[in-house]
Amino acid sequence: MKHAMAGRRRRGALIGGFAVVLVAAAGLTATAFAGGGPSLSDNFEDGDTSGWSKSGGSWSVATDGTKALKQGDNGSELARFFAGDSGWTDYSLQASVRPLTLAAPGASAGIAARVGGAHQFERLVLVSGAARLEEVKGSSVTVLSSLPLATAGSGWHKLRLDVSGTRVTGYVDGRVVGDVTTAKLTKGRVGLLTVDASASFDDVSVSAVGGAPATTAPTTTTPATPTTTAPATTAPATTAPATTAPTTTAPTTTAPASPAATATPVAATWPTPVSTTTLTATRKITGSFDGGNVRFVGGGDLGGDGQDEGQDPMFQLADGATLSNVIIGSPAADGVHCLGTCTLRNVWWQDVGEDAATFKGTSASQTMTVVGGGAMHASDKTFQHNGPGTFVIKDFQASDIGKLYRSCGNCSKQYARKVQVSNVTVTTPLKALVGVNANLGDVATVAKVTVVGGTSKTVICAIFKGVTSGEPTQISSVPDGKSCTATDITLK
């Protein structure tokens with residue numbers, strides 16, 4: 001059995017060109033090679049966990065084939081087991097991990113590098129249906145990249161996490177999960193961890209950073225370098241509650257999407273209405289209409305603000321139309337309908353009625369673009385996609401919503417739909433960011449999204465089996481890398 005790890009520095013000496021750190025614990029040594037980096041290994045065969053320290057959970061050496069370290073409390077929200085030295089900088093951490101339960105929403109098990117505290121580290125985790133590379137800083141969790149992995153919740157998996165300068169690379173069973181060059185953490189110990197899960201760990205080792213494992217090429221590619229804008233706090237002068245607006249980044253189905261060189265900051269405050277106009281019939285827009293920050297509310301037949309399907313919209317946009325600088329108050333009826341390609345620029349919904357906006361039309365080449373603006377109090381969907389084509393949502397903020405986007409789950413005529421979400425901030429409560437139908441060929445790309453009040457249980461991608469009658473069935477709540485990809489998701 002090999003058991004060489006670092007718990008605490010007691011004394012150091014230079015012997016034969018190596019800096020040797022000795023720890024006074026049974027079977028426990030730690031070495032830091034001059035020019036070579038830290039070294040650690042443990043396979044737990046002697047049942048000894050001296051030199052490790054725990055935070056949460058129930059940790060013990062148990063038999064799992066051979067002897068292995070087990071965290072057996074799947075009710076522990078965050079359980080961690082630490083070793084090594086707080087001064088370690090560049091190294092490769094490897095461990096075998098076998099999740100025992102990943103049933104709870106947000107459950108995960110994996111390894112952590114550059115641990116600077118109980119809530120500051122780079123981590124590589126197994127979640128239901130995927131492996132994820134993440135950076136944790138306090139309550140902020142940034143998903144750097146993810147790799148679909150159908151077997152994540154069963155059997156042993158070899159995890160490897162390399163940290164070198166600003167570069168962080170994660171592997172699972174020799175496949176690249178992510179390779180990013182935006183790491184903000186610089187040094188720290190190593191750790192094993194679970195979130196609302198139980199798991200076994202074995203064959204832990206730390207060595208100098210080497211080359212990639214010699215295995216077949218992975219099915220995903222390196223994620224785009226994340227670009228993050230500064231958080232912005234919303235405090236509307238109208239009846240709208242406060243909303244915040246930081247951002248993050250995400251991939252496409254086979255290669256992560258490249259964000260714009262400079263992201264447009266989400267608006268810091270909601271606009272103040274210059275006046276209020278009541279619409280008793282749908283206003284039909286061709287060409288462009290600039291509302292000049294007038295607030296429009298529904299009256300007469302448009303005086304409803306419930307969730308009943310089939311309500312008329314406040315605005316109906318013809319193919320090619322643009323609606324700008326409009327504040328939609330309450331009652332809001334069914335918001336805005338687009339009959340083809342359209343643009344909504346700086347449109348604000350103070351209290352979403354049935355839906356904020358619905359994308360209709362019949363052309364696969366049509367695009368509905370929502371840029372800027374915000375929405376609040378959507379108990380179900382914010383944006384509904386009924387027709388074909390691509391729905392783009394960017395530089396947007398929302399709070400207290402069910403879903404930001406939903407591809408129609410039970411329209412009588414269905415299509416393969418696309419949605420692109422980028423530079424968006426949502427303040428909880430939130431049921432799911434996007435909902436798509438995998439069986440119909442939908443593709444969602446989620447990029448640069450911050451969920452204020454989000455946790456590891458926050459659902460970014462809700463994946464359904466769409467139907468033409470009856471109710472759709474949800475089949476997954478994690479990105480699958482095909483119908484939905486997401487990376488650089490910040491939860492804070």
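A disulfide here is a pair of cysteine sulfur atoms within 2.5 Å. Three of them turn up when the whole structure is searched. This is a predicted model, so to speak of local features takes pLDDT of at least 70, side-chain atom pairs count only at pLDDT 80 or more, and totals for chains, interfaces and linings use all residues. Residues are numbered from 1 along each chain as its sequence is written, and side-chain values use heavy atoms, with hydrogens and water left out.

**Disulfides**

- A disulfide is a covalent bond between the sulfur atoms of two cysteines.
- C338 is bonded to C342, with an S to S distance of 2.0 Å. The link of C338 and C342 is right-handed, with 95° about the S-S bond.
- Both C338 and C342 are buried; buried means under 20% relative accessible area, exposed over 50%, and partly exposed in between (1.4 Å probe, protein chains only).
- C408 pairs with C411, and their sulfur atoms sit 2.1 Å apart. The torsion about the S-S bond of C408 and C411 is about 110°, so this disulfide is right-handed.
- C408 counts as buried because its relative accessibility is 4%, and C411 is buried too, at 16% relative accessible area.
- C461 and C484 make up another disulfide, with sulfur atoms 1.9 Å apart. The link of C461 and C484 is left-handed, with -50° about the S-S bond.
- That pair ties together distant parts of the chain: C461 lies in strand β33 and C484 in strand β35 (residues 484-491), 23 residues apart. C461 and C484 are both buried.
- As for the labels, strands (E, at least two residues) and helices (H or I, at least four) are DSSP runs, numbered from the N terminus.

- Two strands pair if DSSP finds at least two bridges between them.
- Strand β30 (residues 389-407) runs parallel to β31, and 14 bridges join the two. Y405 is found opposite V434 of β31.
- With strand β32 (residues 443-452), β31 pairs in the parallel sense over nine bridges. V421 has V446 in β32 as its bridge partner.
- With strand β33 (residues 461-465), β31 pairs in the parallel sense over four bridges. Here V436 stands opposite I463 of β33.

**The largest pocket**

- The pocket search uses a 1 Å grid over the protein atoms alone: a pocket is an open set of points with protein on both sides within 12 Å along at least five of seven lines, whereas a cavity is a set of points where a 1.4 Å probe fits but cannot get out.
- Lining residues have an atom within 4 Å of a point. Grid points are joined across faces, edges and corners, and a volume is the space filled by probe spheres set on the points.
- The volume of the largest pocket comes to about 780 Å³. Its lining has 39 residues, and G106, T455, S456, K457 and L491 are the closest to the centre.
- Strands β12 (120-127), β13 (130-137), β14 (140-148), β34 (473-476) and β35 each contribute at least two residues to that lining. The largest share, four residues, comes from β12.
- By type, the lining splits into 21 nonpolar, 12 polar and six charged residues. Ala, Val, Leu, Ile, Met, Phe, Trp, Tyr, Cys and Pro count as nonpolar, Asp, Glu, Lys and Arg as charged, and the others, Gly among them, as polar.

- S200 sits in strand β19 (residues 198-207) and counts as buried, with 2% relative accessibility.
- Beyond its neighbours within four places in sequence, S200 is in contact (heavy atoms within 4.5 Å) with D64, L69, K70, S96, V97, R98, L100 and W156.
- G335 is in the loop between β24 (321-328) and β25 (336-338), and counts as buried at 0% relative accessibility.
- Setting aside neighbours within four places in sequence, G335 is in contact with P313, M314, F315, W349, D355 and A356.
- G335 and A357 are 22 residues apart along the chain, and their C-alpha atoms are separated by 5.3 Å.
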